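Subject: Structure for you to look at

Dear colleague,

I am passing on the structure that we talked about, and I would be glad if you could look through it with my notes beside you.

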Amino acid sequence: MIHTNRVRKALQFAARRHDGQLRREAERLPYITHPVSVALLLADADADEDTIIAGMLHDTIEDTQTTAEEIARAFGARASALVLAVSEPKTNEDGTTLTWKERKEAYLEQLARAEDSAVLISMADKIDNIESKIDAFEKEGSVLFERWAQKTEMYVWFHGAVLEEARKRNITGALRDRLEKVIKEEKEASNIVVAES
């Protein structure tokens, strides 16, 4: 990993902002484990420093009180723009709360307009989320999916749409290969759940 002073500061910033938040797994891990995993995946893929920083901060706007302006002041305009590109809007222009699917569709529209590094962050995010879900599924079985807001098919759709964006841009490499692999595993787990219902 590129362990520069800026990356270290991004880790500290993310740890402070996500303090007290927990992952949704049965084993209640501190939330910071997720952004760190995303940053590590990006570093392994030889992403540049801004992309690694944005990966570390990718959920701060969406899940904390952090603003894009704060990120821009601390880490620069590009890192801030990347975080914005992978942050789901919660409302539309008139302030109406978006449904789960509307949020995902808006996210995908933002991603389509963003630079390739945002797609790398999105892929790393989805990889870590799916791998965590598969690990939990192997331990807990289908009871895991009772904690999720949507049916598994909706997550498979969303993750597949991120993969499709990478394919459209001809983004290749280890992240794309790994995302393809874990989406296949997610589909298999989803089929098991459907068969059990």
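The notes below take up a pair of helices and then some salt bridges.

Please keep in mind that this is a predicted model, in which local features need pLDDT of at least 70 and side-chain atom pairs count only at pLDDT 80 or more, while totals for chains, interfaces and linings use all residues. Residues are numbered from 1 along each chain as its sequence is written, and side-chain values use heavy atoms, with hydrogens and water left out.

Two packed helices are described by the angle between their axes and the distance between the axes. Helix H7, residues 100–113, packs against helix H9, residues 152–168, at an angle of about 5°, and their axes are 10 Å apart. Here helices are DSSP runs of H or I with at least four residues, numbered from the N terminus, and axes are lines fitted to C-alpha atoms over the stretch in contact, with angles running from 0 to 180 degrees between N-to-C directions. H7 and H9 are therefore roughly parallel to each other, a term that covers angles under 35 degrees.

Turning to charge pairs, the whole structure holds 20 salt bridges, each being a side-chain nitrogen of Lys or Arg within 4 Å of a carboxyl oxygen of Asp or Glu. One of them joins Glu 88 to Lys 104, with the closest N and O atoms 2.3 Å apart. Glu 88 lies in the loop between helix H6 (77–85) and H7, whereas Lys 104 lies in helix H7, so the pair ties together parts that are 16 residues apart in sequence. Glu 88 is buried at a relative accessible area of 10%, and Lys 104 is buried at 10% as well; buried means under 20%, exposed over 50% and partly exposed in between, with a 1.4 Å probe and protein chains only.

Within helix H7, Glu 105 and Lys 101 lie 4 residues apart, about one turn of the helix, and their side chains form a salt bridge at 3.6 Å, N to O. Glu 105 is partly exposed at 33%, and Lys 101 is partly exposed at 37%.

Best wishes

Notes
Helices (H or I, at least four residues) and strands (E, at least two) are DSSP runs, numbered from the N terminus. Angles under 35 degrees count as roughly parallel, over 145 as roughly antiparallel, 65 to 115 as roughly perpendicular and the rest as oblique.
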